[in-house]
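Please keep the sequence and the coordinates open while reading.

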Amino acid sequence: MLRWIDVLTFARYSNPEPPRRVELAEAEWARQLPPARFRVLRQQGTEPPYRNAYCRCYEPGLYACAGCGSRLFDSATKYHAISGWPSFTQPRAPNAIKYTCDDSLGMQRMEASCNVCDAHLGHVFPDGPAPSGLRYCINSASLVRIPAGQDP
Ligand SMILES: [Zn+2]
C-alpha cells in the first residue's frame, strides 16, 4: 500500500516504471479526445465539483484512463470525500500513477498523472482515510468506468 512518504519519494527522485508507454503528439490527442476530456487530460484542466460523472458513483468496477485505457483505480478504494470529485485511497497498481510537484495557482500540490500516457488526472493529498492516508482527487473526465465483470 502506498503512503504519502512513497508519493513524496516518487515525485522527488523517480516515478515507478510504467507497465507500458503510450506517447502521441498533442495534435493527435486533440484529434482523438472530445474537447472536455482533452482540456483535463492534456491541458491540466479541472472540471467543476459535483457536476461530473463519477462523483456520486459507488457501483463496483474499475476506472481506466480516458486517454490510454490503463486501469488506474478500483471502486473498492473509492470513498466519499465531500470534495465534489471522485476520490480514491490507492491506485490499482503501485506503478499506475506518476507524481509531479505542482506549484501552479499559488499552491503546493502533488499532481497525479497516468504513468502510461502522462495524462493529467488530478491531485493527491495526504488527508485521506486510514490506513493509507491518501486522497486521490481525480477528474471524472480523466476516467472511463468499467462496470464489474465487463473488463475484457
Ligand atoms: Zn493514460
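Start at Cys55, which sits in the loop between helix 3 (35–43) and strand 1 (61–65). The model is a predicted one. Is Cys55 buried, exposed or partly exposed? A residue needs 20 or more other C-beta atoms within 10 Å to be buried, and 12 or fewer to be exposed. Cys55 has 18 C-beta neighbours inside 10 Å, so it counts as partly exposed.

Which residues does Cys55 contact, once its neighbours within four places in sequence are left aside? They are Tyr50, Gly84, Trp85, Pro86 and Ser140. Ser83 is 28 residues from Cys55 in sequence, while the C-alpha atoms of the two are 8.7 Å apart in space.

Tyr50, one of those contacts of Cys55, belongs to the loop between helix 3 and strand 1. Tyr50 counts as exposed because it has 10 C-beta neighbours inside 10 Å. Its phi is positive, about 65°, although Tyr50 is not a glycine.

Helix 3 itself comes next. Its buried residues are Arg37, Phe38, Val40 and Leu41. An α-helix has 3.6 residues a turn, so residues three or four places apart point the same way. The cover over the buried residues of helix 3 includes helix 2 (26–32) and strand 7. After helix 3 comes Gln44, with a positive phi near 60°.

Now turn to the largest nonpolar core, which has 32 residues. Within it, Cys65, Leu72, Ala112 and Ile138 touch the most other members. Two or more residues of this core come from each of helix 1 (4–12), helix 3, strand 1, strand 2 (71–74), strand 5 (97–102), strand 6 (109–114), strand 7 (120–125) and strand 8 (135–138).

Leu105 is exposed because 8 other C-beta atoms lie within 10 Å. In the loop between strand 7 and strand 8 is Pro131. The peptide bond leading from Ala130 into Pro131 is cis, and its omega is near 5°.

How values were computed: Residues numbered from 1 in each chain as written. Predicted model: local features only at pLDDT ≥ 70, side-chain atom pairs only at ≥ 80, totals over all residues. Helix = DSSP H or I, 4+ residues; strand = E, 2+ residues; numbered from the N terminus. Contact = placed C-beta atoms within 7 Å. Core = buried A, V, L, I, M, F, W, Y, C linked by C-beta atoms within 7 Å.
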